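Subject: The structure we talked about

Hi,

Here is the structure I promised to hand over. Have a look at it first, then read on for what turned up.

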Amino acid sequence: MKTEKDYIIVGQGLTGTLLAHALLEKGKTIHVFDNHHKGASSTVAAGIINPVTGRRFVKSWKIDELIPFAKKRYQELEVLLGAKFYYPKNVLRVFFSAKDENTWLEKTGAPHLEKYVLETDDLGAFEGKIKTGVGIGEIQKSAQMDMPLLLKKSKAYFLNKKIINVEPFDYQQVKMGDGVVFYKNIKAKKIIFCEGQQGRNNPWFGHLPFEVAKGEVLLIKIPDANFDKMLKHKLFVVPLPDGLYWVGSTYDWNSTDDLPTEKAKLNLIEKLNKILTVPYEIIDHQSAIRPTTFDRRPFLGLHPQYDCLAIVNGMGTKGTSLAPYFVQEFVDFLLEGKMINKEADAFRKQVY
Ligand SMILES: Cc1cc2nc3c(=O)[nH]c(=O)nc-3n(C[C@H](O)[C@H](O)[C@H](O)COP(=O)(O)OP(=O)(O)OC[C@H]3O[C@@H](n4cnc5c(N)ncnc54)[C@H](O)[C@@H]3O)c2cc1C
């Protein structure tokens with residue numbers, strides 16, 4: 001039976017999920033295809049939103065706009081889907097040298113960072129359970145978002161509306177017409193690819209300059225820990241809503257597969273043993289490839305030759321904060337003809 005939809009979305013990771021909800025809210029008809037989240041970065045991510053990052057404590061790109069936008073968006077979806085995803089949680093940063101601590105004091109005194117940092121020397125629930133360095137700093141307005149739960153609840157919502165097929169998208173079945181595109185029995189205005197790192201295999205967008213990074217993580221139990229904040233030590237230790245702790249992660253810019261490795265696991269354990277002074281139990285070891293790009297900015301836009309094909313991808317290491325904002329930017333472009341930020345234009349490398 002032939003059917004007509006406004007848009008086909010390929011991929012129901014964080015990006016495709018947010019795009020699907022945004023288009024439905026605008027009254028558009030959609031159909032989503034997702035291959036069981038196979039290799040999805042969103043199912044492995046901690047969902048950390050952190051305004052001050054890196055060894056030099058720099059403010060994340062556009063974070064003043066991204067955080068309020070993301071918070072509002074996730075809270076709207078909490079209401080729609082009847083579940084809790086967004087948890088404001090401070091980040092405790094441990095310093096291992098006087099130099100690091102001095103840099104922190106110097107950087108975080110600057111007016112553009114002031115609102116994100118707290119003066120503190122309180123380890124709270126971590127007291128006596130972690131190895132301390134020479135000092136600590138605390139970041140506020142940070143958060144943790146339960147990405148796997150958002151995906152699961154959204155998938156159930158789309159299944160209930162019969163607007164998702166859990167199967168691989170077959171590029172061979174795409175037929176382009178005049179201002180329309182056909183995929184199997186569906187006629188649509190556009191196909192929008194939100195495939196994460198698997199977008200590198202896409203016949204129309206796979207040549208974009210992705211520079212992906214595989215990451216491996218451990219999920220652990222720490223009896224009686226009750227950590228309420230996120231800890232940035234040798235690794236991140238993040239309390240998850242289900243009582244487990246997310247520990248990660250590694251960065252491998254050369255890996256050709258997304259499988260967990262013994263080497264990375266041992267590396268994570270070695271570092272974790274330098275963090276915790278209490279026993280823990282490893283529950284799981286996971287890995288995925290981050291959809292990172294050459295300049296760490298997203299890829300949004302239409303295919304230059306086939307404008308019935310579009311991409312929303314490249315959320316990299318910071319999808320939790322970037323995706324709500326840039327999905328909205330893409331929707332405004334698609335439905336209202338607004339310009340896409342040059343820095344997020346999928347074809348900027350050729351455009352510049
Ligand atoms: C170890 C690790 C830790 C991370 N931690 C954080 C963090 O703390 N904070 C943060 O902001 N970000 C983090 N990230 C990054 C974050 O995961 C990504 O930015 C974000 O999840 C990307 O979402 P996406 O939907 O674009 O891609 P994905 O999550 O990869 O989703 C793509 C979806 O498309 C589907 N798909 C792809 N191709 C096809 C096809 N041909 N047919 C059908 N379906 C298809 C896949 O199955 C998948 O479900 C982390 C990533 C990793 C790997």
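First, a definition you'll need: a residue counts as buried when its relative accessible area is under 20%, as exposed when that value is over 50%, and as partly exposed in between. Also keep in mind that this is a predicted model.

From Ala 70 to Cys 194 you count 124 residues along the sequence, and their C-alpha atoms are 18 Å apart.

For a residue in the middle category, go to Lys 26. You'll find Lys 26 in the loop between α1 and β2. With a relative accessible area of 44%, Lys 26 is partly exposed.

Now the ligand. Which residues come nearest to it? There are 40 residues around the ligand, and the nearest are Asp 34, Asn 35, Ser 41, Ser 42 and Thr 320. By type, the shell holds 18 nonpolar residues, 16 polar ones and six charged ones. Several elements supply at least two shell residues each: α1 (14-25), β2 (30-34), β15 (213-221), β19 (281-290) and α7 (319-336).

- Asn 35 has a polar side-chain atom 2.3 Å from an oxygen atom of the ligand.
- Ile 48 has a backbone N or O atom 2.9 Å from a ligand oxygen atom.
- Thr 317 has a backbone N or O atom 3.0 Å from a ligand nitrogen atom.

On its own, the ligand has 1,000 Å² of accessible area, and the protein covers 97% of that.

Why does the ligand lie between two domains? Domain 1 (3-44 + 148-208 + 295-351) gives residues to the shell, and domain 2 (90-141 + 213-290) does as well, so the ligand lies between them.

Next, the aromatic rings. A pair of aromatic rings is described by the distance of the centres and the angle of the planes. Searching the whole structure gives 23 aromatic pairs. Take Phe 57 and Trp 104: their ring centres are 5.2 Å apart and their planes stand at 85°, so this pair is edge-to-face. The pair links distant parts of the chain, as Phe 57 is in the loop between β4 (52-53) and β5 (58-59) while Trp 104 is in helix α3 (residues 98-108), 47 residues apart. Both of these residues, Phe 57 and Trp 104, are buried.

Phe 193 and Phe 205 make another pair, with ring centres 6.1 Å apart and planes at 55°, so that one is tilted. Here Phe 193 belongs to strand β14 (residues 186-193) and Phe 205 to the loop between β14 and β15, 12 residues apart. Phe 193 counts as buried because its relative accessibility is 1%. Phe 205 is buried as well, with a relative accessible area of 1%. Both rings are part of one aromatic cluster, made up of Phe 33, Phe 169, Tyr 171, Tyr 183, Phe 193, Trp 204, Phe 205 and Phe 347.

Most residues other than glycine have a negative phi, and most peptide bonds are trans. Phe 57, though, has a positive phi, near 50°. Lys 162 also has a positive phi, near 60°. Lys 162 is in the loop between α5 (147-160) and β11 (164-166).

As for the peptide bonds, the one that joins Gly 248 and Ser 249 is cis, with omega about -5°. Ser 249 lies in the loop between β18 (245-248) and α6 (262-273).

Happy browsing!

Note on methods
Residues numbered from 1 in each chain as written. Predicted model: local features only at pLDDT ≥ 70, side-chain atom pairs only at ≥ 80, totals over all residues. Heavy atoms only, no water. Near = heavy atom within 4 Å. Polar contact = N/O pair within 3.5 Å; in protein donor to acceptor, adjacent residues only side chain to side chain. Areas by Shrake-Rupley, 256 points an atom, 1.4 Å probe, with all protein chains shown as cover. Helix = DSSP H or I, 4+ residues; strand = E, 2+ residues; numbered from the N terminus. Nonpolar A, V, L, I, M, F, W, Y, C, P; charged D, E, K, R; others polar. Domains from an automatic or database assignment. Phe/Tyr/Trp six-rings, centres within 6.5 Å; stacked < 30°, edge-to-face > 60°. Buried < 20%, exposed > 50% of the residue type's maximum accessible area, 1.4 Å probe, protein only.
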